Structure formats: C-alpha cells, structure tokens
Amino acid sequence: MSRPELIKEGIESISEYVPGRSIDDIAELVGLHPDRIIKLGSNENPLGPSEKAVSAMVRHASDISIYPSADAGELVKALSEYTGLPGSNIVASGPGMDGLIDSLLRLVINPGDRVIISTPTFSYYEIASRACGGVPVFVPRDQDFQVDADAVIDAVTPDTKMIFLCSPNNPSGNLINEVDVKRILESTGGFVFIDEAYVEFADRNLMHLIRDYDNLIIGRTFSKAFGLAGLRIGYGIMPEWLKSQYMKAATPFNVSSAAIAAGIAALSDPEHLRRSIDLVEKGRMFLKENIDFRVHDSHANFVLVDVSPYSASKICSHLLQKGIIVRDCTSFRDAGESLVRITVGKEEQNRKVVEAFADFLNSRET
Ligand SMILES: *Cc1c(COP(=O)(O)O)cnc(C)c1O
C-alpha cells in the first residue's frame, strides 16, 4: 500500500542522488578483499583525517549526553580566524554543506520560484530545490565547462531566487572567473550561491566578494581537503543581514559536539592540510601526464577524463574489475556518456589507475 497523494508536489520529479560506490559493495562484487579496493569515486582525502581531529573527538566523546551550542559558536570563532572574516559573516552547518544548501532554500524558495543551475554540476542543488517546490532552470556550460555567463544572465527573471555556481566545479574541476561572477551577481534580484567545496586545492577563492555584495553566499565543507566527510560539517559565508535570518530557519544544534570539536582541531592542523594539498597537486599532474585520454585541467582533488570514443561505463567497469572505484559521470545532467571523474589518490593508487587505463587501451589495440 502507498499513499503518494500525501507527498507534496515536486518530489515526484526528483531523481535520487547517486552516491559514489562503497568499498564493501565493490569488494563483494569483484571478489577482492576490501583492503585491496581503491576508492577514488567520492573525492575523499586519501590521507584520512588530521590526527588532531581524531583525538579531539575522542577527548569529547563523553560529552555526548549534553547538547552542543545551538549555533556551534566555538567552531564559528575558529572559522573566523581561519578565513579572516568576522563571525557575523559565518555559519557552521550540518549535515555538511548539503545542510547549508537545504536550510538556505527552505529560507528563500516559495513554490514556483526559479533556481538557475549551471550544468554539468553537483546534483544536490537540483534535488534540494525541487524538494522546496523550486523550479530548476538548467544552463549548460560551454565545451570547456566554463560557465556561460551571458546565458545565465539571460535566464534570470524576477522569479529567480537562487543561482548555483560551483567553483572549482564538480565534476570538471575548473574555476569561474571573477568578472563573470560579478556580472551575474549584478544581474539578479536573487542570491548567488558559490560552492567552494574544493577551494583549498585551488590557487584562489571568491571570499573577498562577500564585503561588496549583499546577495552572495559561499558554501564550504570539511568533507574534502580536511578529510572529515563522515562527520558531515560545512560552513557558509554570507552577508551579516542574511545570517540573522538564516539562524531563524536553520535546525538548532545541527552541528554535533563531536563535529564541533573535530572541526576546530582540524583547523588547528595546517600541516595536515598542507600535506593533503601537496599530494593532490602532484597526483593531479601525474594523472594528467600519464592517462592517454584528454584530462581536463583541474583545481580540485579530482580530474575529469574524457574517454571518448569509449563510454564512461565501459572504462568504469574495466577499472572496477581491478578493484578501482572511480565516478562514471553519465548520471550528471548534461555530462554526456564519456566522462569519468577520478579522485586524486596516494601515489601508489594513482599509479594503479594509470596502469588500468593503459591496460584498457592495450586490450583494444590487439
Ligand atoms: C562534496 C560536495 C559537497 C557536499 O559537501 P558536504 O559538506 O559533505 O555535504 C558540496 N558541493 C560539492 C560540489 C561537493 O562535491
């Protein structure tokens, strides 16, 4: 029995989020021990979390009978030091940056409002928008995955409440240029959300624009460079006027006490962050130079490989048979069927990826 009429409009049109594949599923599927699976499908930090973050969690483990601070104020303070921005511009969020996106859309979207999404990109913007009754409007990026700023601006109407731009973009890894961001910010009466989930791996960010625009929001996360994906912590940078409204609509206590402790400790360990970034910078170059397909330039901890004339699904199954999980981008809207996203791993893991690609091509040629 089911009662679909009880579910609100808009939900039916959501296609479920497709996560990267898990180690245990793949180990069973290909008959390898889980220790031999190389998981490069979800852009996690191959070095794991900072030791400081782990011990902070352990130290605070017995506090979990007590509610954390409702606004994660201690973490906001640490983020203020880390970013150099006042705490009045920062909110901590859980679960992850996804929680930030959810709370924001809940705050601003009335049924029928438009949300512009520059594709191919992270799929949660669409899911979260639809769940609030928003109408996603998709504006494809150009061949090199640059945001088509003119087309975005043309798509803006008085009903446009949010424009999602991801920089570095998932799955393409490229940055949006600042001139385009400013033009877009000035073209709309709504908000512009810039997703900087991967910004620690890039050589620039757009945080400074927060001083000049009252409709800019920047999303960040501890899931990628900081290696805390399992704790689900993100943060938002937004104008002060918006923070006070946001705090009214967000779930209280949405960052757990363990997450607050670990987040603060992770920020106090710049060495671990540096090691993580160095590993990515080297690995990204190695993959680009050694995979015999077009590898797009990336400012993130992954590379996007165009495997045409082959299909992404063919390459991904070949890699899976060798115990290597990468991301088939076919499920990303407007990505086509030949894009594979590979998280930069440790040196040894990257070498195995390169070997698997070579092996695929060799088996075709003979
Ligand atoms: C991973 C990712 C996120 C989600 O981050 P969480 O903080 O883990 O929710 C947001 N945006 C992009 C582009 C991502 O790749």
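## Surface and model basis

The chain exposes about 16,900 Å², of which carbon and sulfur atoms supply 50%, the areas coming from the Shrake-Rupley method with a 1.4 Å probe. This is a predicted model, in which local features need pLDDT of at least 70 and side-chain atom pairs count only at pLDDT 80 or more, while totals for chains, interfaces and linings use all residues. Residues are numbered from 1 along each chain as its sequence is written, and side-chain values use heavy atoms, with hydrogens and water left out.

## Overall fold

The secondary structure comes to 12 helices and 13 strands, taken as DSSP runs (helices H or I, at least four residues; strands E, at least two) and numbered from the N terminus. The radius of gyration of the chain is 21 Å, close to the 21 Å that the globule rule gives for 366 residues, so the chain is as compact as a globular protein of that length; the radius is taken over C-alpha atoms, and the rule is 2.2 Å times the number of residues to the power 0.38.

Buried residues make up 53% of the 366 residues, where buried means under 20% relative accessible area, exposed over 50% and partly exposed in between, with a 1.4 Å probe and protein chains only.

## Residue K322

K322 lies in the loop between helix 11 (312-321) and strand 11 (324-325), and at 39% relative accessibility K322 counts as partly exposed. Leaving aside residues up to four places away in sequence, K322 touches L32, A356 and D359, a contact being heavy atoms within 4.5 Å.
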